[in-house]
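Please examine the sequence and the structure shown below. The report after them is written for a reader who is new to protein structure.

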Amino acid sequence: MPHRTADDPGRPRLGVLPGFLVLLSPVSQLGFTPVSVVLGDQLGLSTGQVGVTVGVYPAAAALATVVLGPLFDLVPARRLLPVAVAANVVLSASLLLAPGFTGLVVARVLTGFTNSALLLCAAVAVADANRGHGTARERGFSRLQTFTSVGAVVGLGVGAAAAGLGQPRLWSWTVVGYGLLVLVLAPAIARRLPPAAAGAAATGSAGTRLRAVLTDAGAALRVPRTALVLAAAGGVGWAIQAAHYAVSLLSEELAPPLWQRVLLAVMIPAGVFAGSLLNQRLLARTGAGTLFARTYPALPVACAALGLAVAASGAWAAAALLLVLVLLGVVLGILMPLSPAVLVGRHPDLRGSVTAADSVTKGLGSAVSPVVLGAVAAATSLTGGFLVLAAVAGLAAVAARSAAGVRDRDPHPPTRRPGTSSSRRVGG
């Protein structure tokens, strides 16, 4: 049976347990990027093949999120959690066997699926445990971001160190070791999860319930304020991936010592960690939607400042670059957990679907921004690329501000509960 809070016996007490799930994903995903080139050299892969092994992960993760999001609105997360953790451990261990290009691609694709399942498990657990408790839910999503940023620091740090030492297996063993720890914790996490999601409790066949969830999700995503929040979420993914890519370009261009390479790699996630902690304090004063709208304009400013810091020269340039990277991370740390919190608050019965939509839009932004940055940088300069990225982030900031001000004609459109003919309200 789920543990209950003392002040609300009906609400499960999850504590930090969902955070252990989300920490595994960035260790696995981000840590692979620094070691991919070294691993490719050891396996005799071309530069293009190495790029494929890096790129297939976010593509697979996005596809998995689309597929799994509605599933989590039907099936309790506690049933899917052990399978996802065990599969992740096995796939991470397979990389220790030097599987070759095909095996590496397959492992990265399947890892994208399992990590997406873990992230959705954590998000759905927080949403279900805090159903009807808006502030607790918002702070729960912020706490997940704190763990994600810790995982990013660990993943990038271990990955950069493993690449510098020419030992990609150091990263693989780290992922496997932590995965085994999460596997041990999985039963305790599953026991504390709510026994069934709202959608899973509805009557009707599985096909009927799935069609109803998909219909409801489509209606929810067409709500103007929801669409605007998703557009702004895509801007967050756009900014963070471009920043990480720029750091990688700088590291290759400057070829700094190992400790400087690691320091550059962890500046943004360190800022994200600080921002997520600040987020929890700010949420005690204002709601997630208001905080999202008020903070977002700082993102294009930070992107532009990073471009200027990259172009700077002189004795103070390195310190300015590190400072701007941290500040950009702080802004991202505040923003990243807010969009899923806002969406789940507006559509609580579709928490899997809207969380998936948030992840997909961020993923699309992350996929496009390095391409744009690289193309503009090749045509002009890296600073020019960041100025273009700042302009797009500015448009996303307008979407975030508009989402706070838009009033839908019918903010609570009636939709069917999965498998029933009764009506409920999902709009926000």
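The following sections cover the basis of the model, one serine, the cysteines and a cavity.

## Basis of the model

This is a predicted model, in which local features need pLDDT of at least 70 and side-chain atom pairs count only at pLDDT 80 or more, while totals for chains, interfaces and linings use all residues. Residues are numbered from 1 along each chain as its sequence is written, and side-chain values use heavy atoms, with hydrogens and water left out.

## Serine 339

S339 belongs to helix 13, residues 338–346; helices are DSSP runs of H or I with at least four residues, numbered from the N terminus. S339 is buried, its relative accessible area being 1% (buried means under 20%, with a 1.4 Å probe and protein chains only).

Beyond its neighbours within four places in sequence, S339 is in contact (heavy atoms within 4.5 Å) with V229, A233, F292, D358 and K362. With D358, the side chain of S339 makes a side-chain polar contact at 2.6 Å; such a contact is a pair of N or O atoms within 3.5 Å, where one must be able to donate a hydrogen and the other to accept it.

## Cysteines

A disulfide is a covalent bond between the sulfur atoms of two cysteines. Counting pairs of cysteine sulfur atoms within 2.5 Å gives 0 disulfides. C121 is buried at 2% relative accessible area, and C303 is buried with a value of 2%.

## The second largest cavity

The lining of the second largest cavity includes S28, R108 and W171. Helix 6 (168–192) is one of the helices that supply at least two lining residues, and helix 6 gives the most, with 3 residues.

Terms used
Buried means under 20% relative accessible area, exposed over 50%, partly exposed in between (1.4 Å probe, protein chains only). On a 1 Å grid over the protein atoms alone, a cavity is a set of points where a 1.4 Å probe fits but cannot get out, and a pocket is an open set with protein on both sides within 12 Å along at least five of seven lines; lining residues have an atom within 4 Å of a point.
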